[in-house]
Amino acid sequence: MRAAQKPKTSAKGLETRERIVDVAVRFIARNGARGTSLADIAAEAGVSQTGLLYHFGSKEALLNAVLDRHLAFTEEWLWGDGPDPGVKIVNIIARHMASWPSQHDDTVYSLLGMNTVVLGENVSPDTDLHPRLVEGYGTTIDRVTATLRAAQQRGEMRDDIDPRLKAMEIIAYCYGLEAAWLVNPTIPVADAAAQWAAQQTTQMATS
C-alpha cells in the first residue's frame, strides 16, 4: 500500500511563505530572533499567527527557513561561477563586497545583518541553532579548502600554504568586513576588498 503523498504547496502558498520569510529576515536583522515574535512577523506579513504556523510549524522552523535564505544567497554569489574557482575565490569575494550599497537596504543588509545577529544569539552550544551554524561553517571551510587544495595541485598556489588555514583566514576576513559594513555602510568596502584580494593573490601565487 502506497503512503499518501503530501499535498503540493500552491503558488499562492509559496508566495505567502516567501513573504513571511522576507519579513522575518528584516525583523531579525533589526531586533534579533529573541526580540521578534511570531505575532509581529505574522502581522507584518498580512497573515494570522495560525496561518504562519500552517506554513512553519514553529519558530525554530521559521528560523531555519530564514537561514536557508541566507545559504541560498551565499551559494549564488560565492559559488555561482562554478565549484572550483581556486585562488580566484578572493576576487569573487571582493566583487561581491563591491556590490554592497552605501546605505542599508532590505536585501543585502537584512540578510547579512540577520545572519550576524543569529550567530551572536547562538554561540552557546546549548542553543537550538548552534549545531546547524557549526555545521554550516564547517561546510564552507571544507569547500574553500577543497578549491584551494585543487589550485595547489594545478600549480596555481604555493605548496607551503596550508589550504585549510588559508580558508579559515579568508572566511574570517569576510566576517570581519561584514560586521564593519553593517555598523557603517559608508566605509570604502569595495576598495578595502579589492586591496585585500590583490594582496592575497600575490601571497598565494607560485611566481
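Colleague: Which backbone oxygen lies 2.8 Å from a polar atom of the side chain of Q152?

Modeller: That is the backbone oxygen of R158. Keep in mind that this is a predicted model, where local features need pLDDT of at least 70 and side-chain atom pairs count only at pLDDT 80 or more, while totals for chains, interfaces and linings use all residues. Residues are numbered from 1 along each chain as its sequence is written, and side-chain values use heavy atoms, with hydrogens and water left out.

Colleague: And is Q152 buried or exposed?

Modeller: Q152 counts as buried because its relative accessibility is 15%, where buried means under 20% relative accessible area, exposed over 50% and partly exposed in between, with a 1.4 Å probe and protein chains only.

Colleague: What else is Q152 in contact with?

Modeller: Leaving aside neighbours within four places in sequence, Q152 is in contact with M157, R158, D159, I161 and P163, contact being heavy atoms within 4.5 Å.

Colleague: New topic: which residues touch the most other members of the largest nonpolar core?

Modeller: In that core of 57 residues they are L62, I89, I93 and M114; a nonpolar core is a set of buried Ala, Val, Leu, Ile, Met, Phe, Trp, Tyr and Cys residues joined through side-chain atoms within 4.5 Å.

Colleague: What does I89 touch?

Modeller: Not counting residues up to four places away in sequence, I89 touches L78, W79, V144, T147, L148 and I170.

Colleague: Last one: why does M168 count as partly exposed?

Modeller: Because its relative accessibility is 36%.

Terms used: Polar contact = N/O pair within 3.5 Å; in protein donor to acceptor, adjacent residues only side chain to side chain.
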